[in-house]
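Dear colleague,

Please read them alongside the sequence when you have a moment.

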Amino acid sequence: MKKSEETRQDILQEAYHLIYTKGYQSTSIDDIITATRVTKGAFYYHFQNKDEMGLAMINEVMYPKMHQSFIEPIENSQSPAEDLHGMVSYLLLDETIFQPNYGCPIGNLIQEMSLINEQFNETLSLLTNQWEDAIVKCINRGKKAGLIKAETKSKQVAYFIISGYWGIRNFGKLQRSNAPYKVFLKELKIYLKSL
């Protein structure tokens, strides 16, 4: 990797960390420059403005992490109820890049930016739609295999799981603890077994 590519990746990684812990609007370009120890010239060599950097952060940092943690675990699922529960359990209890104090980085950005920046809204919608599609496909495979009831509405299940995940992340933020996650996961297991 070339030095300029390394600098770009350093900026995006540090921006991700700062935005996740402080919020997008509370993180300034100067904060990112200070944290990465790059010059303003180096920042503006790679990005015209903060929003361009923010969109690159979503596409180049958040998307790969999301795909690996949210989508890959259920892409080829043969046991939908177990694998969906395992995916959510991993995200809540084992994924080290997410912390209870700060919630879900994608959910946070949706809440903070989707109403005020259409490009953010479109980009975050693509990420969310991919997760929804992966859950729907997982449920549909389970229906074909006879592991999920035929009358199960796959899209409704996807909405339920995603909204439950984002909601319980907010409880984790409020309580600064993963204790609410454990309660949620018990109920999620019951729900998934009922499908």
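A polar contact is taken here as a pair of N or O atoms within 3.5 Å, where, within protein, one must be able to donate a hydrogen and the other to accept it. With that in mind, and remembering that this is a predicted model, the side chain of Thr-21 reaches the backbone oxygen of Leu-18 at 3.3 Å, and a polar atom of that Thr-21 side chain also lies 2.9 Å from the backbone oxygen of His-17.

Thr-21 itself belongs to helix H1, which covers residues 3-22. Because its relative accessibility is 25%, Thr-21 counts as partly exposed, given that buried means under 20% and exposed over 50%. Gln-99 stands 78 residues from Thr-21 along the chain, yet the C-alpha atoms of the two are separated by 9.2 Å.

As for the protein chain as a whole, it has nine helices and zero strands, and its C-alpha trace spans about 60 × 35 × 30 Å along the principal axes. Of its 195 residues, 45% count as buried, and among the contacts with a separation of 6 or more, 71% are between residues 24 or more positions apart.

Methods:
Residues numbered from 1 in each chain as written. Predicted model: local features only at pLDDT ≥ 70, side-chain atom pairs only at ≥ 80, totals over all residues. Heavy atoms only, no water. Helix = DSSP H or I, 4+ residues; strand = E, 2+ residues; numbered from the N terminus. Buried < 20%, exposed > 50% of the residue type's maximum accessible area, 1.4 Å probe, protein only. Contact = heavy atoms within 4.5 Å.
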